[in-house]
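Okay, everyone, thanks for coming.

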Amino acid sequence: MKKADIVPNIVKQYSNHAKEMDETVAEFFKRTILKIPMTEMMTILKAWDFLSEKQLQNVNFRQRKESLVQDLVLLCEKRASVHDAALLDIVCEDIDLFDMEQFKSSFKKILQRALKNVMVSFRDAEENAVWIRIAWGTQYRKPNQYKPVYVVYYSQTPYAFTSSCPLRSNIPLLGQALTVASNHHKIVKMDLRSRYLDSLKAIVFKQYNQTFETYNSTTPLQEKSLELDIHMDSRIIHENRIEKERVQRVTQETFGDYSQPRLEFAQYKLETKFKSDFNGDILAERKEPLRCLIKFSSPHLLEALKSLAPAGIADAPLSPLLTCIPNKGMNYFKIKDK
């Protein structure tokens, strides 16, 4: 990362307690931390060796960068000096930070050497990301500008987010260019798809506790009005209340109290042998396994799953096959016999 890339307009959102630290030192800390990529934050802070392991464990590294900077400044304010801030700056410079311009140059050269007709365009984005637009051509045809591929790459990570590629034969070349240009051994392929980049990024980078643009997210889940008979046994009402509290608690433990990343579907392929207690059953003698495909779809699948138990549609907790989607980072599953 170059010195010129540091953004000078620092948002001053830290509390009045930060005034205990000299404002110049606080600003120095904020500028230094802001230039550290989120993917390298923990590594650099550990190398700095100013904050204890316990202090680092109590920091929420899944929040937005501005909030994280605020928390770190507040954490350092009581005993940090300008000398400590200078040491952090040295650690940042000492670690081999990602060179985005070199990545662009290398990526473009690899594609243009392999294909005569290909057009590659770049646009820098926030959070150390670059958008890449690729218009593919062939040996005899110019690049097709109407069917480009879009790629978003976040520096110093083995992850790239790509749109569908009209020429499947070019997918290996795209993967090779990303791998070489990013200096990674391999680009990770995940069975995860969605139209919403922020949600994909949140799942991959384990950043769930943030606000997403969700389907009908501004309207809270409305509880159904249960018209209880005035003579209903008070014990039943008590049991209903206890069960409702249990369902709410289990749902919160499973999904958290923040909005979910936005996915439109989850697909499960089941492959199993037919089992029967009766001898001579035709299906039991079948050598080929039984196969079926189950697909759950919704404008906002994870929020829909989160609402099932509180709405009384499903028991709590839900099956791990449904709730593990963000943790596993996939919405394509293959289920086989053990």
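One definition before we start: when I say two residues touch, or are in contact, I mean they have heavy atoms within 4.5 Å. And keep in mind that this is a predicted model.

So let's start with Phe 107. What does Phe 107 touch, leaving out residues up to four places away in sequence? The list runs Val 120, Phe 122, Ile 132, Ile 134, Leu 174, Ala 177, Leu 178 and Ala 181. Take Leu 178 from that list: it sits 71 residues along the chain from Phe 107, yet the two C-alpha atoms are separated by 6.5 Å. Phe 107 itself is found in helix 6. Buried or exposed, then, for Phe 107? Its relative accessible area is 0%, and the cut-off for buried is under 20%, so Phe 107 is buried.

Now the rings. Two rings count as a pair if their centres lie within 6.5 Å, and by that rule we get nine aromatic pairs. One of them is Phe 107 with Phe 122: the centres are 6.3 Å apart and the planes sit at 75°, and since over 60 degrees counts as edge-to-face, that's what this pair is. It links distant parts of the chain, with Phe 107 in helix 6, residues 100–114, and Phe 122 in strand 1, residues 118–125, which puts the two 15 residues apart. Phe 122 comes out at 26% relative accessibility, so we call it partly exposed. Both of these rings belong to one aromatic cluster, made up of Phe 103, Phe 107, Phe 122 and Tyr 153.

Phe 265 is buried, at 14% relative accessible area, whereas Tyr 332 is partly exposed at 22%.

Cys 292 is partly exposed, at 35% relative accessibility, and Cys 324 is buried, at 13%.

Stepping back to the whole chain, there are 12 helices and seven strands. Of the 338 residues, 37% are buried. If you take contacts between residues at least 6 apart in sequence, 66% of them join residues at least 24 apart. The accessible surface is about 22,100 Å², and 51% of it belongs to carbon and sulfur atoms.

Last, a word on confidence. Mean pLDDT for the chain is 77, and 79% of the residues reach 70 or more. There are stretches where pLDDT stays under 50, including residues 1–20, for which the model has 27 contacts beyond four places in sequence. Residues 210–230 also stay under 50, with 26 such contacts. Okay, over to you for questions.

Technical notes
Residues are numbered from 1 along each chain as its sequence is written. This is a predicted model: local features need pLDDT of at least 70, side-chain atom pairs count only at pLDDT 80 or more; totals for chains, interfaces and linings use all residues. Side-chain values use heavy atoms; hydrogens and water are left out. Rings of Phe, Tyr and Trp (its six-membered ring) pair if their centres lie within 6.5 Å; planes under 30 degrees apart count as stacked, over 60 as edge-to-face and the rest as tilted. Helices (H or I, at least four residues) and strands (E, at least two) are DSSP runs, numbered from the N terminus. Buried means under 20% relative accessible area, exposed over 50%, partly exposed in between (1.4 Å probe, protein chains only). Accessible areas come from the Shrake-Rupley method with a 1.4 Å probe; for residues, only the protein chains shown count as cover. pLDDT is the predictor's confidence in each residue, from 0 to 100.
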